[in-house]
Amino acid sequence: MTSFEDSVLLKNLNSEQKRAVLTTEGPLLILAGAGSGKTRVITRRVAWLIRQLGVHPARILAITFTNKAANEMKERIERLIGLESRGSWIGTFHSMMLRILRRYGSLLGYRSSFTIFDTTDQRRVMADVLKELKISERILSPREALAMISRYKNDDVSPEELESRSSGYYIDRQRVDIYRAYQKSLFEKNALDFDDILTQTLRLFREHPHVLENCQQQFTYILVDEYQDTNVVQYELIRLLSAKSRNLCVVGDDDQSIYGFRGATIRNILDFEDDFPDCTVIRLEQNYRSTKTILAAANQVIQENRSRKKKTLWTAHGEGEPILMYRAADHIDEARFIAREVQRRFQLADDHEEIEIAVLYRMNALSRNLEFALRELGIEYIIYGGTRFYDRAEIKDVTAYLSLIQSPEDEIAFRRVINQPRRGIGAVTLERLAEFAGQRGLTLFEAARRAGEDPDLARAAGRLTLFVKMIDTLRDALLSEELSFAEFVRMVEVDSGLIAYYQELKARGDVEAGSRLENLEELISDAIEFEARLDTESLDDIWELSHDDELREELITDRSLKGVLRLFLERAVLYTDQDKERETPKVSLMTVHSAKGLEFSTVFIMGAEEGIFPSMQSFQEPDGIEEERRLAYVAVTRAKRELIISSAVSRLLFGHTQYNPPSRFSDDISEDLVEKRGVYGGYLDSDGSDGMSSSEHGEFFRDMVNSVLKKRHAVEAQEDERVYKAVTSRQMDPLPKKESSGLDVSELKPGDTVRHVTFGIGEIQKITETGDDAILVIDFDGRIKRFMASQSALSIDE
DNA sequence: CGGGACAACTTTTTT
DNA sequence: AGTTGTCCCG
């Protein structure tokens with residue numbers, strides 16, 4: 001009984017898409033190729049469940065990859081069926097599981113308002129752990145240790161499990177110790193890290209079956225987007241949650257699985273049919289996004305992969321423009337080329353035409369040159385990724401103040417802001433304060449309040465109590481409810497002295513201070529917006545924001561500032577630049593990873609070189625190249641009308657000049673789809689067909705020769721020439737080792753003995769490959785030294 | 001205690 | 001190369 005209004009939900013869908021919307025019961029795998037109208041299908045499906053089948057929104061759990069994708073989905077569903085859709089659980093794995101944890105976390109021993117630690121917090125905790133265990137940072141950096149633990153967590157390996165499978169060797173035991181101590185430390189601080197949000201929820205389900213049962217009963221329809229990027233823990237969560245209803249719909253594309261490094265396993269999607277033998281499989285193979293040319297190129301790139309589900313995308317669109325490949329002389333030339341091309345497109349487009357241009361790269365470090373080139377031409381751009389807004393120092397300062405006001409026992413926040421801006425409370429004072437706090441069993445904040453009672457703190461007591469007073473005053477302001485939330489944030493920024501501090505820096509000519517002030521201003525705008533959302537949206541949506549019953553009660557009855565603050569802080573942790581709305585008239589600069597799920601009329605892919613894209617380290621990993629290839633596939637399929645791929649003969653990166661041959665992925669694209677420009681013919685050779693006038697050519701060559709030769713000595717240039725020839729003649733080691741040191745890193749391993757001119761005999765502790773070089777950590781009889789292999793005066797000790 | 005100078009680190013991708 | 005962190009001196 002399909003009414004007219006409801007049939008709208010099936011309008012403009014092809015037959016497979018329709019089937020995907022209508023197959024609501026039982027396990028369903030939707031293999032959705034790039035640009036195949038996936039989001040449309042998902043939103044229609046949810047709308048269909050609610051409107052047509054009368055499923056209560058709260059019974060629907062839809063998991064997306066980013067908060068932005070979630071918001072977009074909510075909006076689109078609301079556009080379809082209006083307010084009826086309110087109350088469904090749509091969000092990322094992290095935000096959805098966090099909601100569950102907030103509700104039941106006490107069962108795991110967490111106090112009600114546990115905090116989520118971000119990378120910086122984690123690093124601090126880990127640094128302490130390593131110090132405690134007397135492990136030198138030289139041997140294992142906090143960063144590496146955290147990466148290791150994250151790996152375990154993504155693979156659903158607890159400290160206990162790790163121990164049980166440990167070999168008993170020292171190195172294994174040490175890993176267990178680190179993992180244990182880290183978890184213990186987090187727990188004592190009543191904190192979880194990002195991965196814990198998922199692993200602890202899983203633990204909750206396993207140890208408290210009634211909780212799982214509650215959730216199973218609530219969520220009778222589960223939908224997971226980007227299923228190819230789920231990891232073992234996420235798979236397990238989904239499996240448990242859907243075990244009862246079995247109405248599990250997963251949507252994904254194995255060809256776009258690009259998060260292997262984060263523990264995502266492509267097996268989840270490849271094995272879905274084995275895991276759920278009675279499942280329905282639907283393939284969406286018609287592409288509505290790109291031209292035939294772009295799609296053909298994408299297919300050529302991906303078909304080289306072996307482990308994939310066979311599918312062939314097709315489009316009804318025309319051939320479109322050929323793919324432009326540009327081989328630049330160097331990284332600067334490449335950047336200028338892109339900037340010029342971007343400028344030309346902006347100039348040519350008429351006012352009403354919507355131009356969406358993106359430049360994609362494999363790693364953030366590549367954006368820098370491009371930024372300069374764009375600025376030279378006065379082109380506006382937005383960068384995604386890199387340092388996130390909420391990760392910026394000044395923003396983190398403000399949020400630390402806010403955290404401290406909210407929970408005075410938050411030691412990390414206390415330590416962050418106690419002397420930021422400077423108020424004469426240094427390391428010595430802090431150490432004494434910690435000691436005093438330890439003796440009395442006080443929090444640092446309370447200890448500061450009572451600093452006068454400790455003779456050791458006498459000199460700093462005045463400054464400490466002043467700080468305490470400031471925080472107390474701010475808390476009073478919070479509780480008095482006389483301010484709007486944004487006003488409160490502003491008050492914190494001013495009273496803390498941060499604003500004055502940066503204003504002074506700016507006055508003194510600090511170049512960064514200005515943008516920091518702008519960021520502080522932006523945080524206030526953010527607060528205004530956040531507050532407005534709370535004011536205008538229904539109670540259902542507040543329900544959506546938090547499942548802490550007490551807090552919800554607070555918000556419903558008096559909409560307290562305290563409650564708003566807590567929601568705000570919670571969101572700040574999970575918020576990333578990915579979630580920001582994209583503004584159109586500018587060029588977007590982002591990594592290929594960030595571009596997932598987006599589309600642009602014109603796409604540039606820069607740095608298409610061996611060693612960059614595919615990345616250096618992917619050569620080592622077992623399925624590394626396959627993942628890189630999928631990444632290339634994602635990059636190519638972002639383009640609707642036009643694709644430009646560039647590479648550079650020489651590239652200065654991380655202080656070393658590299659000479660990389662063009663990426664194998666660009667070689668996979670057949671000649672008939674491509675138009676080549678730049679120095680493909682050979683060194684310093686151009687066929688002149690690049691559309692530049694001869695004077696531009698003069699400039700072009702001068703720039704190129706300057707940048708290639710200027711900074712280097714003649715001897716080096718000779719060496720470069722030799723290297724370049726070796727590389728372009730396709731001997732596949734693009735990075736011959738320098739011979740000066742007489743040290744062949746490939747023959748070395750930890751434990752080997754080496755001789756240094758000044759330090760004498762030492763033992764190699766660790767070797768870290770760094771592209772064209774390696775870092776050696778060597779123990780000279782207790783003195784730990786680090787060397788760059790190519791530069792060091794080391795020899796193998798016979 | 002604060003600011004400046006130097007050293008060390010980055011080198012994939014991120015919820 | 002560029003940025004961040006640490007050490008030392010005023």
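Here are some friendly notes on this predicted model, point by point.

1. **Ground rules.** Because this is a predicted model, local features need pLDDT of at least 70 and side-chain atom pairs count only at pLDDT 80 or more, while totals for chains, interfaces and linings use all residues. Residues are numbered from 1 along each chain as its sequence is written, chains are lettered from A and ligands numbered from 1 in written order, and side-chain values use heavy atoms, with hydrogens and water left out.

2. **A six-stranded sheet.** An open, parallel sheet is built from six strands in the order β3-β2-β6-β7-β1-β8, two strands being paired if DSSP finds at least two bridges between them. Which strands stand at the edges? They are β3 (89-92) and β8 (280-284); each has a single partner strand, so one side of each has no neighbour in the sheet. On average, neighbouring strands are turned by 15 degrees against each other, direction ignored. Strand β2 (60-64) runs parallel to β6 (221-224), and four bridges join them; isoleucine 63 has valine 224 in β6 as its bridge partner.

3. **Helices on that sheet.** Helix α3 (38-52) lies across β1 (28-32), β2, β6, β7 (248-252) and β8, and runs at about 170 degrees to β6. Helix α4 (67-81) also packs on the sheet, where it touches β2 and β3 and makes about 155 degrees with the direction of β3. For these angles, axes are lines fitted to C-alpha atoms, over the stretch in contact for helices, and the scale runs from 0 to 180 degrees between N-to-C directions.

4. Is β14 (587-591) enclosed or open? Five of its five residues are buried, so the strand is largely enclosed by the rest of the structure. Val587, Leu589 and Thr591 point one way, and Ser588 and Met590 the other. Strand β12 (357-361) pairs with β14 in the parallel sense over five bridges, with tyrosine 361 opposite threonine 591. Strand β13 (381-383) runs parallel to β14 as well, joined by three bridges, and isoleucine 383 stands opposite leucine 589.

5. **Cavities.** Among the residues lining the largest cavity are Val301, Ile605, Phe613 and Ile669, and α30 (624-636) and α31 (664-667) each supply at least two. The lining divides into nine nonpolar, two polar and no charged residues; Ala, Val, Leu, Ile, Met, Phe, Trp, Tyr, Cys and Pro count as nonpolar, Asp, Glu, Lys and Arg as charged, and the others, Gly among them, as polar.

6. **Backbone details to look at.** The peptide bond from phenylalanine 613 to proline 614 is cis, with omega near 10 degrees. Proline 614 lies in the loop between β15 (600-605) and α30, and Phe613 belongs to the lining of the largest cavity. Asparagine 190, in the loop between α9 (170-188) and β5 (191-193), has a positive phi near 55 degrees and is buried at 7% relative accessibility. Arginine 246 also has a positive phi, about 60 degrees, although it is not a glycine; it sits in the loop between α12 (232-242) and β7 and is partly exposed at 33%.

Methods:
Contact = heavy atoms within 4.5 Å. 1 Å grid on protein atoms, 1.4 Å probe; cavity = no way out; pocket = protein on both sides within 12 Å on 5 of 7 lines; lining within 4 Å. Buried < 20%, exposed > 50% of the residue type's maximum accessible area, 1.4 Å probe, protein only.
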